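Thanks for making the time this morning. I would like to walk you through a structure that may be new to you, so please have it open as I speak.

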Amino acid sequence: MNFPAATKGKGKKLRGPVKEHHRIVSLDKKKARAGWIFVLPFILGFLLIYIPVIWQSISFSFSEINYIQGGGYITEFVGLDNYKNALFTDASYVTTLTSGLEQMILEIPAIIFFSLFVAILLNQKMVGRAAFRAIFFIPVILSTGLIAEIDAGNTLSDQMGSAGSIDTGSENAAAEIVSSVDIQSLFSNMLIGSELATTVTGFVNNIFDIVNRSGVQMLIFLAGLQGISPAIYESCQMEGASAWETFWKITLPMISPMILVNFVYTIIDSFTAQSNKVMQYIDSVYSQAGSSGQVISSAMSWMYFIVVIAIVAIVGLIASRMVFYQRKD
């Protein structure tokens, strides 16, 4: 008896054509792999070069070095003696560290405010905007390692100044401006304390350094300002908001993440700059004759590092509570 073709194989599961299963890699995983490949040279260099140096520096800070006749040295563990010598025996280290922190507290807000002010001006539509941006970024290029070394080794200007060809004077231009305005006498007539007068005088005298150190921060603020949608400003204008209200309620909250980034960057840049008093003092201690200068300078460096990390953590914790992150979903 013949059954219909539809009833043949009843009870068996029909299967379609066999397909080969290929592993599909998502775009996010591809980007993650590309990111790891990109940072792989840094990771290898950090593990193979920096980690041994860091470990050696930490061991030196807890040790005493005894040189062997004929070459080599032996380290002897002394505990916290080097740290005690840096804090209690060497009085100049604590004084220098305190003055460096005071200078940082005054300079960093000035750099942030100045770079934000310049970035807002350069974000406006005007003729020659790209040229003005390049002008403000030129000091960053001139302060790089190679240019700074060339400038430091430029003996031509030193010879010209010593020969009397160019009379530069004993004071810089900023100091001459301060002396002509006579801020001290002005504030005394206004019955304002001498501490505020000293602060203002320091700002005026350091205006050249503040401008030089504001280039990177200015570009970061420019990137944040250009990331704000023009439609937001158009809606504010239609609602009748003034420029002052737009800045405080739109611009400032939208670039608050950039403010946090610039604060962290400026703090680290100020602590590691060659002109930093603490860095210069640690270098001078390291250059002292004998092995005691090397181990004590290592202890000073690690205490300085802990102070820097603590300040960055405090600033980041406080500023992160005020940061506004725009949701793009």
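**The second largest pocket, and beyond**

Let me start with the second largest pocket, whose volume is about 650 Å³, the volume being the space filled by probe spheres set on grid points that are joined across faces, edges and corners. Please keep in mind that this is a predicted model, in which local features need pLDDT of at least 70 and side-chain atom pairs count only at pLDDT 80 or more, while totals for chains, interfaces and linings use all residues. Residues are numbered from 1 along each chain as its sequence is written, and side-chain values use heavy atoms, with hydrogens and water left out.

A pocket here is an open set of points on a 1 Å grid over the protein atoms alone, where a 1.4 Å probe fits, with protein on both sides within 12 Å along at least five of seven lines, and lining residues have an atom within 4 Å of a point. Twenty residues line the second largest pocket, and those nearest its centre are Ile-120, Asn-123, Gln-124, Tyr-233 and Thr-251. Two or more lining residues come from each of H11, helix H12 (230-238) and helix H13 (243-254), where helices are DSSP runs (H or I, at least four residues) numbered from the N terminus. H13 gives the largest share, six residues.

What about helix H11, at residues 215-226? Leu-219 lies in this helix, and Leu-219 counts as partly exposed because its relative accessibility is 36%, the class between buried (under 20%) and exposed (over 50%), with a 1.4 Å probe and protein chains only. A search of the whole structure finds one, in which the side chains of Glu-107 and Arg-213 meet at 2.9 Å, N to O. This pair links distant parts of the chain, 106 residues apart, with Glu-107 in helix H3 (residues 91-122) and Arg-213 in the loop between helix H10 (207-212) and H11. Both Glu-107 and Arg-213 are buried.

Definitions and conventions. Salt bridge = Lys/Arg side-chain N within 4 Å of Asp/Glu carboxyl O.
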